[in-house]
Amino acid sequence: MTSADAAGVLEHSDIGAQKNRVVTEEEWLQKWEMHNIGFHKEQGHPLLQKYLDVLLSGRSGLRIFFPLCGKAVEMKWLADMGHCVVGVEVSEQALKEFFAEHSLPYSEEPVPGIPGAKKLQSTSGNISLYCCSIYDLSSYAGLMITLMEENSSYLLVTVSYDPNRHKGPPFYVPESEIKSLFGSHCEIKHLEKVDDFSERHRQWGLDYFLEVLYLLKLVS
């Protein structure tokens, strides 16, 4: 039995050292300043690439939202496909690196009603990235639900490991919490569980690390 198979039966009810733990805005900004961004995938996320057709469902000209977007390269891919991309990220450095690394000219303007927030928009107009604060998980879930419309599709990736052996981030999110946050508003489909264990995770004291992909659709 592989580590992914073995971990597939685990659902930790005790989140251990992660109880009440959050990544503060200062911690997140420091990660970008120190370039401690192991979570960033320079070649794009394999699961998004694999399930892109599921997300798009043959539709063109979509408005696609990237919450906590960082400098995700997929934003450029989807814009090049003719979609309109909107991202939100607390690190202005991350957003400026995105435009610089893709050689995209852009403009900046303040966001009315949100002190300190700004919008960075590509000159072409099809990529708009907003620099403002990150929400906590429950507020984030509520926001995502309000943004979804009929026929919207939401690909959500979580990670699974023993939370008693690593305090995070990234934080362990059990399927029960996904159902608690979204179940009353969305149809939740588990698409795939992938073994993503690496030496980095071993150094954290873990013996397995999974990525779990869900597809959420608003229930009318």
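Q: Which residues form one aromatic cluster?
A: Y161, Y172, W204 and F209 make up one aromatic cluster. Rings of Phe, Tyr and Trp (its six-membered ring) count as a pair if their centres lie within 6.5 Å; planes under 30 degrees apart are stacked, over 60 edge-to-face, and the rest tilted. This is a predicted model, in which local features need pLDDT of at least 70 and side-chain atom pairs count only at pLDDT 80 or more, while totals for chains, interfaces and linings use all residues. Residues are numbered from 1 along each chain as its sequence is written, and side-chain values use heavy atoms, with hydrogens and water left out.

Q: How many aromatic pairs does a search of the whole structure find?
A: The search of the whole structure gives 8 aromatic pairs. One of them joins W204 and F209 edge-to-face, at 6.3 Å centre to centre and with 75° between the planes.

Q: Is F209 buried or exposed?
A: F209 is buried, at 4% relative accessibility. Buried means under 20% relative accessible area, exposed over 50%, and partly exposed in between (1.4 Å probe, protein chains only).

Q: Changing topic: what is the strand order in the open sheet of 3 strands?
A: The order is β6-β8-β7, and the pairing is antiparallel. β6 (153-160) and β7 (186-195) are the edge strands, each with a single partner, so one side of each has no neighbour in the sheet. From one strand to the next, the twist averages 25°. Strands here are DSSP runs of E with at least two residues, helices are runs of H or I with at least four, and both are numbered from the N terminus. Two strands pair if DSSP finds at least two bridges between them.

Q: How many bridges pair β7 and β8?
A: β7 and β8 (residues 210-218) are paired over 9 bridges in the antiparallel sense. Within that pairing, K189 stands opposite L215 in β8.

Q: And β5, how many of its residues are buried?
A: In β5 (residues 127-131), 4 of the 5 residues are buried, so the strand is largely enclosed by the rest of the structure.

Q: Which strands are joined to β5?
A: Strand β2 (residues 84-89) runs parallel to β5, with 5 bridges between them, and V85 stands opposite I127. Strand β4 (residues 118-122) runs antiparallel to β5, with 4 bridges, and L120 stands opposite L129. β4 and β5 also form a hairpin with 4 residues between them, where G125 in the turn has a positive phi of about 90°.

Q: Which residues other than glycine have a positive phi?
A: L68 is one of them, with phi near 50°, and S103 is another, at about 50°. Most residues other than glycine have a negative phi, and most peptide bonds are trans. L68 lies in the loop between β1 (63-67) and α5 (74-80) and is partly exposed at 43% relative accessibility. S103 lies in the loop between α6 (92-101) and β3 (106-110) and is exposed, at 65%.

Q: Where are cis peptide bonds found?
A: One joins G168 and P169, with omega about -5°. Another runs from P169 to P170, with omega near -5°. P169 is located in the loop between β6 and α8 (175-182), and P170 is placed in the loop between β6 and α8 as well.

Q: How many disulfides are there?
A: A search of the whole structure finds 0 disulfides, a disulfide being a pair of cysteine sulfur atoms within 2.5 Å.

Q: Lastly, what does the secondary structure of the protein come to?
A: The protein has 9 helices and 8 strands. Of its 220 residues, 40% count as buried.

Definitions and conventions:
Axes fitted to C-alpha atoms, helices over the stretch in contact; angles between N-to-C directions.
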